[in-house]
Amino acid sequence: RSSDLQQKYDPQKEQELRQWIEDVTGKSINGPFMEGLKDGITLCQLINKLHPGSVKKMNESTQNWHQLENIGNFLKAITDYGVKPHDLFEANDLFETCNHTQVQSTLLALANVAKTRGASVNIGLKYADKQERRFQPEKLKEGRNVIGLQMGTNKFASRSEE
């Protein structure tokens with residue numbers, strides 16, 4: 001099963017996510033991407049930049065249980081931020097590096113929520129907001145007089161080349 005998931009892992013999205021996380025946190029992720037996220041510190045810094053105060057305490061320790069606690073705090077914070085529970089990875093997916101695809105899809109879901117909330121994000125989709133448009137009556141009348149570009153033009157149509 002994990003080989004199926006690895007096939008869905010997208011190296012291009014990894015690059016985009018790395019760039020986005022580095023831009024938001026102002027810190028470089030050194031070495032392999034998932035290795036750089038494994039202690040949870042960068043992830044906590046990311047959600048704190050997107051939504052200040054989300055993670056109150058980050059453990060800078062190299063002890064496994066502290067790192068797992070950081071990842072857990074990150075996951076709770078992004079749920080509060082608006083990422084849907086079904087989009088979350090489990091701490092061991094990242095910590096034991098067994099399910100990078102799920103970690104990637106959680107980070108993409110976070111990017112989508114951040115973009116919807118107005119953050120500058122160049123990856124993922126933006127969830128659509130309802131757009132209400134109100135035009136002044138004179139603008140609507142003006143629009144009737146404009147021939148849309150999709151109508152094309154016959155300005156250059158000529159039969160002389162036949």
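The structure is a predicted model, in which local features need pLDDT of at least 70, side-chain atom pairs count only at pLDDT 80 or more, and totals for chains, interfaces and linings use all residues. Residues are numbered from 1 along each chain as its sequence is written, and side-chain values use heavy atoms, with hydrogens and water left out. The chain contains eight helices and zero strands, where helices (H or I, at least four residues) and strands (E, at least two) are DSSP runs numbered from the N terminus.

**Overall architecture**

- Along the sequence, the pattern of the chain is α-α-α-α-α-α-α-α.
- The chain has 162 residues, of which 36% count as buried; buried means under 20% relative accessible area, exposed over 50%, and partly exposed in between (1.4 Å probe, protein chains only).
- Among the contacts in the chain with a separation of 6 or more, 50% come from residues 24 or more positions apart; contact means heavy atoms within 4.5 Å.

**Helix α4**

- Helix α4 spans residues 41–50 and is mostly covered, with nine of its 10 residues buried.
- The buried residues of α4 are I41, T42, L43, C44, Q45, L46, I47, N48 and L50.
- These buried residues pack against α2, α3 (33–37), α5, α6 (91–95) and α7.

**Packing of α2 with α7**

- Helix α2 (residues 11–25) and helix α7 (residues 100–116) pack at an angle of about 50°, and their axes are 11 Å apart. The angle makes α2 oblique to α7. Axes are lines fitted to C-alpha atoms, for helices over the stretch in contact, and angles run from 0 to 180 degrees between N-to-C directions. Angles under 35 degrees count as roughly parallel, over 145 as roughly antiparallel, 65 to 115 as roughly perpendicular and the rest as oblique.
- The α2 and α7 crossing is left-handed; a crossing is left-handed if the near helix is turned anticlockwise from the far one by less than a right angle, and right-handed if clockwise.
- From α2, the residues K13, E14, L17, W20 and I21 meet Q104, L107, L108, L110, A111 and A114 of α7. The residues of this α2 contact with α7 comprise eight nonpolar, one polar and two charged. In this classification, Ala, Val, Leu, Ile, Met, Phe, Trp, Tyr, Cys and Pro count as nonpolar, Asp, Glu, Lys and Arg as charged, and the others, Gly among them, as polar.

**Packing of α2 with α4**

- Helices α2 and α4 pack at an angle of about 65°, with axes 9 Å apart, and α2 passes α4 in a left-handed crossing.
- In α2, W20, I21, V24 and T25 meet T42, Q45, L46, K49 and L50 of α4. By class, the residues of the α2 contact with α4 are five nonpolar, three polar and one charged.

**Packing of α5 with α7**

- Helices α5 and α7 pack at an angle of about 35°, with axes 10 Å apart, and their crossing is left-handed.
- The α5 residues F74, I78 and Y81 make this contact with T106, L107, L110, V113 and A114 of α7. The contact of α5 with α7 has seven nonpolar residues, one polar and no charged.

**Individual residues**

- W20 belongs to helix α2 and is buried, with a relative accessible area of 4%. Not counting residues up to four places away in sequence, W20 touches L46, L50, L107, L110, A111, A114, S120, V121 and I123. W20 and A111 are 91 residues apart in sequence, yet 8.5 Å apart in space, C-alpha to C-alpha.
- T25 also has its place in helix α2 and is buried, with a relative accessible area of 7%. A polar atom of the T25 side chain lies 2.8 Å from the backbone oxygen of I21, and a polar atom of that side chain lies 3.3 Å from the backbone nitrogen of K27. Leaving aside neighbours within four places in sequence, T25 is in contact with T42, Q45, L46 and K49.
- E69 is placed in helix α5 (residues 64–81) and is partly exposed, with a relative accessible area of 34%. The C-alpha atoms of E69 and G40 are separated by 8.0 Å, while the two residues are 29 residues apart along the chain.

Technical notes: A polar contact is a pair of N or O atoms within 3.5 Å; within protein, one must be able to donate a hydrogen and the other to accept it, and residues adjacent in sequence count only if both atoms are side-chain atoms.
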